[in-house]
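User: I would like to learn how to read helix packing and aromatic pairs in a structure model. Could you take me through it step by step?

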Amino acid sequence: MSNVEIESSLKIEDNHLSHRPSLAVQTFSWRKCIEIFIAEVVATSLLLCLGCMSTVVGFDGSQSVHKLQPALAFGFLVSSLITSFGHISGAHMNPAVTICFYMMGTIEAFLIPIYLAAEIIGSVLGMGLLLLVTPVGIIGSRDVCTTIPNPTLNSFQALGVEFVCTSLLLLVLLGCSDVRNADKQDSVPLKFAGVIITLSLLGGPYTGASVNPVRSFAPALWSHNWTANWVYWVGPSLSGLITPFFYQCCFPPVRK
């Protein structure tokens, strides 16, 4: 047989979120899966490379950065990537977001490993690219952009901070996706920039406010610093499961 395509129907929940797929039921082929994979690899690579670039010190002789610098960098970088890749893959760039989309019924289960593989690979490539383009004399050790809980916190406190911070991010996603919010869909990418900046400023002193497992995984892999790295997997992932369940149970969609 020639030109054989293995296709599966992907039911898209009715929504008005500008960076998500169209509202109709879509048929996904291997070609579309490959497009999603490439888009997520590139988007996540840019997120880690350019976002973590904001934490590099030493070019001007200083040994610290203002806390606003990475907060603003990651916030507006996320909004730019949503604009660039949202119409192709949804611009997840985050396993917690992928889990949330699945819980919402927006993506089918067979797409989860495609997204997760792309996000992990993209994060590792992005962090590697940053190390490649930064002079060794500037970057020093590879222990850059790592997220480690404040030493005054125990592991479960850090887990709670990551869970709560991720929950706010996902509540913004859920709110933007709700058809009852259809008349407030202007500048959706900027709304995500706002919540990322807010979480960075509030949760940063506690855990670094990663809210993204691969955001913490790639720096840990390159630096071999795995201190409490499990917190950044468990907290956001649990939020990806629980937050959409909570939203759908407490605020069920209006059915005509």
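This is a predicted model: local features need pLDDT of at least 70, side-chain atom pairs count only at pLDDT 80 or more; totals for chains, interfaces and linings use all residues.

User: How do the axes of helix α2 and helix α7 lie relative to each other, and what is the hand of their crossing?

Analyst: For a pair of helices one reads the approach of the axes, the angle and then the hand. The axes of α2 (residues 68–89) and α7 (residues 188–207) come within 8 Å and cross at roughly 155 degrees. Because angles over 145 degrees count as roughly antiparallel, α2 is roughly antiparallel to α7, and the crossing of the two is right-handed.

User: Which residues of α2 and α7 meet, and how do they divide by class?

Analyst: On the α2 side the contact includes L72, F76, V78 and I82, and on the α7 side the residues that take part include P189, F192, I196 and L201. By class, the contact of α2 with α7 has 14 nonpolar and 4 polar residues, with no charged residues.

User: At what angle do α1 and α8 cross, and which residues make the contact?

Analyst: Helix α1 (residues 30–53) and helix α8 (residues 213–223) have axes that come within 11 Å and cross at roughly 65 degrees, which means that α1 is roughly perpendicular to α8. This crossing of α1 and α8 is right-handed. T44, L48 and C52 of α1 make the contact with V214, R215, A218 and P219 of α8, and these residues divide into 5 nonpolar, 1 polar and 1 charged.

User: How should I read a pair of aromatic rings, and how many aromatic pairs are there?

Analyst: A pair of aromatic rings is described by the distance of the centres and the angle of the planes. The count here comes to 5 aromatic pairs. In one of them, the rings of F217 and W233 have centres 6.0 Å apart and planes at 75 degrees, so the pair is edge-to-face. F217 belongs to helix α8 and W233 to helix α9 (residues 231–250), so that the pair, 16 residues apart, links distant parts of the chain.

User: Where does UniProt place the feature "transmembrane region", and what is the helix content of residues 36–59 and of residues 188–209?

Analyst: An annotation from a record can be set beside the model. The unreviewed UniProt entry places this feature at residues 36–59, 71–90, 156–176, 188–209 and 229–247. In the model, residues 36–59 are 75% helix and 0% strand, with end C-alpha atoms 36 Å apart, whereas residues 188–209 are 91% helix and 0% strand, with end C-alpha atoms 21 Å apart.

Technical notes:
Residues are numbered from 1 along each chain as its sequence is written. Side-chain values use heavy atoms; hydrogens and water are left out. Axes are lines fitted to C-alpha atoms, for helices over the stretch in contact, and angles run from 0 to 180 degrees between N-to-C directions. Helices (H or I, at least four residues) and strands (E, at least two) are DSSP runs, numbered from the N terminus. Angles under 35 degrees count as roughly parallel, over 145 as roughly antiparallel, 65 to 115 as roughly perpendicular and the rest as oblique. A crossing is left-handed if the near helix is turned anticlockwise from the far one by less than a right angle, and right-handed if clockwise. Contact means heavy atoms within 4.5 Å. Ala, Val, Leu, Ile, Met, Phe, Trp, Tyr, Cys and Pro count as nonpolar, Asp, Glu, Lys and Arg as charged, and the others, Gly among them, as polar. UniProt positions are given in the numbering used here, feature names are shortened, and annotations may be inferred rather than shown by experiment. Rings of Phe, Tyr and Trp (its six-membered ring) pair if their centres lie within 6.5 Å; planes under 30 degrees apart count as stacked, over 60 as edge-to-face and the rest as tilted.
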